[in-house]
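Subject: A structure for you to explore

Hi there,

Here is the structure I promised to pass on to you. Have a look around it first, and then read on for what turned up.

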Amino acid sequence: MIVEREWPLVGRDDELARFRGLLADPHARGLLVAGAGGLGKTRIAAEYATIATDAGYRVVVASGHRSRSDLPFGAVAHLLPDVGRDTIAADRGALLRQLAAALGSPSDGVRPVIVLDDAHLLDDSSATLVYQMAVANSVLVVLTIRA
Ligand SMILES: Nc1ncnc2c1ncn2[C@@H]1O[C@H](COP(=O)(O)OP(=O)(O)OP(=O)(O)O)[C@@H](O)[C@H]1O
Ligand SMILES: [Mg+2]
């Protein structure tokens, strides 16, 4: 027998229902999935991304990784616009604001959903960016961390 697809998600109905409730709540900041290795954090975060995409949200997905944890904005580099050297050199605050606007801009008044797997391995710059967007409530943040 060849198993070509992942097994269907089992036993997470409560978590999925809670996430649907969060999506519908404009004041919700987000969700943290914490647990030991292999408990299904990545899997349920992917399910949350699918639910949000199917509901019409813009969903951006990134993950922390040990190999990129020293690289500023390494975790979210694939999502960011080219801001040019001058902005980077001139003012770190301006850079952060510009990146937050690019990543967290609502479309049709609906804020995006950002799903960050293994957030404990985010580089500091990405973590700061995500933190600012969460505080400003410009995105709904879903984080997983290995506890
Ligand atoms: N509810 C579930 N139903 C079916 N399969 C699941 C479920 N949760 C997890 N799995 C499967 O179990 C395996 C481990 O899950 P996953 O990779 O999501 O764990 P994790 O918590 O992210 O681990 P790590 O901390 O190592 O990143 C995967 O193959 C995943 O597809
Ligand atoms: Mg994982």
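A definition to start with: two strands count as paired if DSSP finds at least two bridges between them. Please also keep in mind that this is a predicted model.

With that in hand, how do strand 2 and strand 3 run relative to each other, parallel or antiparallel? They run parallel, joined by five bridges. One place to look is Val59, whose bridge partner in strand 3 is Val113. On to strand 4, residues 140-146: strand 3 pairs with this strand too, again in the parallel sense, over four bridges. Here Val113 has Leu140 as its bridge partner. To get from strand 3 to strand 4, the chain passes through helix 5, making a right-handed β-α-β crossover.

Now for the inside. The largest nonpolar core has 22 residues, and the ones touching the most other members are Phe73, Ile114 and Leu129. Strand 2 (59-63), helix 4 (92-104), strand 3 (113-117) and helix 5 (124-135) each give two or more residues to this core. Helix 4 gives the most, with five residues.

Enjoy exploring!

Technical notes: Residues are numbered from 1 along each chain as its sequence is written. Chains are lettered from A and ligands numbered from 1 in the order in which they are written. This is a predicted model: local features need pLDDT of at least 70, side-chain atom pairs count only at pLDDT 80 or more; totals for chains, interfaces and linings use all residues. Side-chain values use heavy atoms; hydrogens and water are left out. A nonpolar core is a set of buried Ala, Val, Leu, Ile, Met, Phe, Trp, Tyr and Cys residues joined through side-chain atoms within 4.5 Å. Buried means under 20% relative accessible area, exposed over 50%, partly exposed in between (1.4 Å probe, protein chains only). A crossover is right-handed if, with the strands pointing away from the viewer, the path from the first strand over the helix to the second runs clockwise.
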